[in-house]
Amino acid sequence: MTSNAMPLSCGSHRAILPFTLLLLFVVGSWSPQSRAVDKSVATQPVRIAVLKFEHETVTFLPYDTELEDFIFEGSPARGEALLSASSYDRSRSSILGFVQLAREHANVELVGIESPLGSKKGSGSGWITKEAFDHFVDNMVADLKAQGPFDGVYLSLHGGMGVRDVAKPEAEIARRVREVVGSKAIIAGTFDPHGNEDADFLRYADMAFCIKYYPHYDGYLQGERAARTLIRAIRGDYTPTTATRKPPIITASVLQWTGASPWMDLVQRALVWEAREPDVYVNFYFGFAFADVVDAGMAFQVITNGNPELAEHIADDMAETAWRLRDELVHGTKVHYMDEGVKLAKQAIKDGRTPVVLADHSDRSGAATWLLQQVVEQKLGNTLIGTVADEDVIETLRAQGVKPGDPFDMEVGGELDVSAGKPVRITGTVQTVSGGVSRGRSASQLWVSVKFGDNNLLVISPYLHQVRWPEEFLDLGIDPDDYKVIAIKSRVHFRRGFYDNGYARTILLVEPRQPFLGTVHLDALPHKYLQIDKFYPYGQNVTYP
Ligand SMILES: [Zn+2]
C-alpha cells in the first residue's frame, strides 16, 4: 500500500499535495495494521458535532432561494432539536439514523450545531443566494468554535445544492468545517443520490455515505453506517481511503428509478461489492441534472479501510459497468407527452385498469398547468389533481376567508416561469380548506381544493408539493379512493406509495411536448457552467474511460 496511490489516480483534481499530507497523517496515525482496540480505546470519550445543510437546487428556475426560505418555525435548529429533527419520512432522515447508532456506543457525545432544516419551498426555487449560504455556514463555524473541540463531525448533506458564486457548496462546507476542527478530526457526510459530487468533498472530509435507492428508502440506514464508521475511525479502527470516478453520463431524474433495470443492476452491483468486501462502502450518485454546476452528472465514490488499491478497483468496475449500460440507462424509461398520457388514462378507465397515476415528472416550480390543461381539454373525469402551486391564489383566498362550499372562479397556476405554462381558469366549488400535507416542518400552510367538471378535484397549494402516498390526501380531508385517476407532480418518489405497495394499476409518466425545464431534453437547458456536450447522450464523441 502506498499513500500516494489515490491522489495520483485522481490526478484531474486540484490540491493533491494537501490531500496527500492529510492522507499521510491519517495513515500514520491510524494504520489498520497497528490497530489495537483495547477496551480503553473502544470506550474512549468521543465528541461529535452534527450539522445539516441540505438542498436540491433547480438553478434554472428564475427566482432565487433566499435566506428567509430556510427560516420557519423550528428552523434553524440546534442541540437536541436538530438531533431529533425528522423529515416528513423517518426512513429518509440520515440524522435520525446517525443519532440512533451513535448513541448505541458508550461515551459518545453528540452536539447539534445550529443548522437549517430545509427550505419551505422544497426544491421549487432557484440558486441559493451567497448571502443565505454564508449566513448559515458562518453560524455553523461560530457554533463549532464556541462548542469545540471535536473528535469528529457529521454533515447531513444532499449534494445537489447550487449556490451563486460557490462552485461546489458541499465541498466548501467541508473545507470551512475542516478549518475549524483541524486535521485530526474525522469528518463524515451523508448524501442524496441526486448529489452532484466529485472527489472534492473528500479532499476536506474523510468519508461519504450516499443513499442507494430511488425512492430514497435508505437515508436512515446510511446515517447509521456513517455513525458506526465515523466512531470506528475516531477510535483508530477504520482508516478511510477513497477513490472517485465520474463516467460522463447525465440523465433526468425521471429515468433513475432503481426499481427497474439497469439502474437496479448498478445498485445491486454496489451492494454485492459491499457484501463481499468487509468495510467497503460504494456510493452511486445518479446526479442532478437541473442544477447547472461544474460537477453535475453521475459519480461513484468508494471508501475502503486502508486499502486504496481496492477502492480504485471497485470504482473502476462501477464506472465502467455504468458506461457499458449507458444506452439503457438513458433510454430505458417510457415517458409520454401530456396529451397522449391523458388519452391513455381514459383508455385505462374504460379497461378497468384503475386507479391510474398520471405523474407529471417535469414540473420543477410546482405551478405547471400542462396536465391540468389536458384534463380540462379532454374532459377527463373522476380525476384528483394534486397539486398546482399558486401562492397568489392562496393569499387571495386567505384574505377572503375561504371556506368549504364557497363558489370558485379563478385562474390557477402557470406563469411562474415559462415552463409552468399558462394559468387555467377553473370554475367550481371549494371542497376542502386545510393546513396542507405535513412536511414535518410544522409550518402550517393554507391549501384549498376545488371540485369542478365531472367529479374532478384540484388541490391548490402555495408551493411545489410532490405527493408520495395516496394517504397524503387524507391529511387534506380528501379520500383518494373517490377518484379513478390521480394526477401528481412526481418523478420517482411516488412509486413508494403508488407502485411498491400495489396501489395503482396503471402508471403513466408524462411531460409537455416542449423541451422545457424539467423535461428529459437536458440539452435544451441554458447551461452556463456545465458543458452538456461532454456528456452521453448529448455529446457527439463522448468516450470513457
Ligand atoms: Zn434525491
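I'm in a predicted model, where local features need pLDDT of at least 70 and side-chain atom pairs count only at pLDDT 80 or more, while totals for chains, interfaces and linings use all residues. Residues are numbered from 1 along each chain, and side-chain values use heavy atoms, without hydrogens and water.

Asp 192 sits in the loop between S6 and helix H8, and His 216 in the loop between S7 and helix H9, 24 residues apart. Helices (H or I, at least four residues) and strands (E, at least two) are DSSP runs, numbered from the N terminus.

Buried or exposed, I asked of Asp 192? Asp 192 is buried (under 20% relative accessible area; exposed is over 50%, partly exposed in between; 1.4 Å probe, protein chains only), because its value is 4%. His 216 is buried too, at 1%.

Then I followed the strands. S6 (residues 186-191) runs parallel to S7, joined by four bridges; pairing takes at least two DSSP bridges. Gly 189 faces Ala 208 across that pair. In S7 (residues 207-210), Met 207 and Phe 209 are buried on one side, Ala 208 and Cys 210 on the other.

Last, I looked at S13 (residues 383-389), which pairs parallel with S18 (residues 485-488) over four bridges. Ile 385 is opposite Ala 487 there.
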